[in-house]
Amino acid sequence: MFSRMILKTLIKQKSKMLMIAFTIILGVSLSTAMLNVMLGVGDKVNRELKIYGANINVKHKDAAIISELYGLGVNDKFLYEDDILKLKTIFWGFNILDFAPILEGRVILSIPGTNNTGSEVFINGTWITKHAVLSTGEDLNTGLKNLRTWWDIQGEWLDGNDENDKNFVMAGKSLAEKFNIHVGDAIRLSKNGVIKNFVIKGIFNDGGNADEIILTDLTVAQELLNLSGKISSIEISALTTPDNDLARKAAQNPSSLSPDEYETWYCTAYVSAICHQIQEVIRDGVARAVRQVAESEGTILNKTTLLMILITILSSIGSALAISNLITASVIERSQELGLLKALGAFNYQIIFLVLSEIILTGLFGGVIGYFLGIGFAQIIGQTIFSAYIEISHIVILITGAILFLVIITGSIPAIRYLMALKPTEVLHGK
Amino acid sequence: MPILELKNVSKIYGSLKALNDINLSVNAGDWLSIMGPSGSGKTTMINIIGCMDTPSTGNVILDGVDISKESQSNLTRIRRDKIGLIFQQFHLINYLTAVENVMLAQYYHSMPDEQEALEALEKVGLKERAYHLPSQLSGGEQQRVCIARALINSPQILLGDEPTGNLDEENEKVVVDIFRRLHSEGVTIIIVTHDPEVGDVAQRKIILEHGRVIQDIDQRATFGEALKLKGA
Ligand SMILES: Nc1ncnc2c1ncn2[C@@H]1O[C@H](COP(=O)(O)OP(=O)(O)OP(=O)(O)O)[C@@H](O)[C@H]1O
Ligand SMILES: [Mg+2]
């Protein structure tokens, strides 16, 4: 009887109920899309922003200060190449996306067949591309190429996994212009009696002072400089959680934290926590966040999240208002009928229950459709804005469900108040 | 023993006394007509007796209980259990069939029981039309459905505000005849009417004016004479 009544009212009021359902579809799809994007986008945005460079730099603890004071310098304190892969074993190893060691040095450049017989230049030896299999069995592909995605390359990148490429080097654009060298040219590099011949494979344009260097494979630089197994620094690109007060306190001095705070901090992907863990595995290393990049990532992430939350809240309020109007109109339209039910002995709660059932049914109908539409929207947003598949979080069902419930209940409040105040005498004796 | 007693009942709207110090006592099984010009307070009185409104002052004792100070939900409960209501406008729900409309009253009283609802429709001569929608029924038939609905929970008092106001003479007679039968079964009937003939069939008639009872007429002598159905 009850369900029949609900069904028949729904059918009778189908245009109004469709409007309510439509409003709910809109609201729910928007919330679903925003929440999914919000929850799924943290990593995506970070990956996008990663192109601006490594956010952590590891140097020798004694070299760090000197190097920072004098800019691109060369020093005699080194880290160990053996330690590099340990980066993937730290607690937040999974958040370390890419890294590359760099060995800095000075060598003598001469160009056969020209009158240039010797100029001192900087070289950087690095992993251009590096394939390794970790002790966990995980395949690792990383290297400087992943950290310098913005480089403009003339010619080609070196291939770090190709033995043949040990005879090639890359040159920075400014250096190439200064010495008038081009892709395919032969050059000679020497240091303390070690002499090697190379061909220029590529010329890169960084836009910064890295343009004034020769870039070689790490082993090549190590041989030239006679520093086998040594590196000057490591550049690391990591996914991080925006800093909060705890992270800032820890960054000052981790030992000032209480054991609980330490635990929380250590197990959160704060830049400072990751740096701390890096120092635990890199001997003599001091890890520094390249502040600007690390913080702008966090800020953009926070702002994106805020925007999504704002859209969700506004759309919910909008839906609640729209629904509230529709429900109130529908109840007023049926006031005779509802007044009659009161006269027949229906209690207020029974009538409210009846009206709410109709709306909740309509809401469920709209909610399910809206949810799937929203998942679609999330993917469209993911593809067009972040060029990535957005992982669907099941928690969104719960959150949207809760929002929907709240919206329906709030939207029903005016109608419920009207119903409570409705006197059968006012509607039944209508002349 | 009176089933209904109004003691010094007034209903005041601002400066208007819709009911002005009414004293009335109705015995169980009585059939009472309320008449009077428009605006004299008839509907107001029916609303108060029917637990849909409360008096401004005075006491209303229904079946031994003073209902003048009861809460809304208690009034709903008392109305549900003791009062059957019929309206001039019928107020059937137009997307439910006749029998469903009757069952609706059962639903809010206790439990819908289709068999019982059909029997109630049979009593008002509508068994064949039980599965029709109100729009497929004549005015008289709709009012009979309304009566079946009012009676389904065996109320002690049947209240009607102009129940024949929208009916033609023939249907009026049919409805009055049903009242007659209910009266013989012991139901207390209180009917507001403008129609003198309908007023005359009752055992007793009161006339309101400006919220006061100006006449209280005993009609037992002529009771049952008016509005006989043909062949009855
Ligand atoms: N809710 C209200 N607010 C203010 N005045 C009211 C209200 N209800 C009724 N009245 C007034 O009380 C008086 C009695 O009204 P009531 O409806 O009882 O008259 P009635 O005898 O039923 O008239 P009719 O024969 O036209 O139905 C009228 O003057 C009416 O305007
Ligand atoms: Mg009236």
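**Entry: B:Val102**

I began with B:Val102, which sits in helix α3 (residues 98–109) of chain B. The model is predicted, and I read every value below with that in mind. I looked up the accessibility of this residue: B:Val102 is buried, with a relative accessible area of 0%. I then listed its contacts, leaving out residues up to four places away in sequence: B:Val102 touches B:Ala117, B:Leu121, B:Val145, B:Ala148, B:Arg149 and B:Ile152. I also checked one C-alpha separation. B:Glu116 is 14 residues from B:Val102 along the chain, and their C-alpha atoms are 9.4 Å apart.

**Entry: B:Ser40**

Next I went to B:Ser40, in the loop between β3 (31–35) and α1 (42–49) of chain B. Is B:Ser40 buried or exposed? Its relative accessible area is 2%, under the 20% cut-off, so I put B:Ser40 down as buried. A polar atom of its side chain lies 2.6 Å from the backbone oxygen of B:Pro37. Setting aside neighbours within four places in sequence, I found B:Ser40 in contact with B:Ala18, B:Leu208, B:Glu209, B:His210 and B:Gly211.

**Entry: ligand 1**

I looked up where ligand 1 is placed and found it between chains A and B. I noted 13 residues around ligand 1, and the closest are B:Ser38, B:Gly39, B:Lys42, B:Thr43 and B:Thr44. Which atoms of B:Ser38 come up against the ligand? An N or O atom in the side chain of B:Ser38 is 2.5 Å from an oxygen atom of ligand 1. For B:Thr43 I also found a side-chain N or O atom, 2.6 Å from a ligand oxygen. With B:Gly41 the backbone is involved: one of its N or O atoms lies 3.0 Å from an oxygen atom of ligand 1.

**Entry: chain A against chain B**

Last, I looked up the interface. Chain A puts 27 residues into the contact and chain B puts in 26. The buried area between the two chains is about 2600 Å², and carbon and sulfur atoms give 64% of that. How many salt bridges cross the interface of chain A and chain B? The rule finds zero. I did find five residue pairs in polar contact between the chains, with both residues at pLDDT 80 or more. On the side of chain A that touches chain B, the elements giving two or more residues are α1 (2–12), α11 (335–343), α12 (348–386) and α14 (424–428). I sorted the residues of that side by type and wrote down 13 nonpolar, eight polar and six charged.

Conventions:
Residues are numbered from 1 along each chain as its sequence is written. Chains are lettered from A and ligands numbered from 1 in the order in which they are written. This is a predicted model: local features need pLDDT of at least 70, side-chain atom pairs count only at pLDDT 80 or more; totals for chains, interfaces and linings use all residues. Side-chain values use heavy atoms; hydrogens and water are left out. Contact means heavy atoms within 4.5 Å. Buried area is the accessible area (1.4 Å probe) that two parts lose on being put together, summed over both. A salt bridge is a side-chain nitrogen of Lys or Arg within 4 Å of a carboxyl oxygen of Asp or Glu. A polar contact is a pair of N or O atoms within 3.5 Å; within protein, one must be able to donate a hydrogen and the other to accept it, and residues adjacent in sequence count only if both atoms are side-chain atoms. Helices (H or I, at least four residues) and strands (E, at least two) are DSSP runs, numbered from the N terminus. Ala, Val, Leu, Ile, Met, Phe, Trp, Tyr, Cys and Pro count as nonpolar, Asp, Glu, Lys and Arg as charged, and the others, Gly among them, as polar. Buried means under 20% relative accessible area, exposed over 50%, partly exposed in between (1.4 Å probe, protein chains only). A residue is near a molecule or strand if one of its heavy atoms lies within 4 Å of it.
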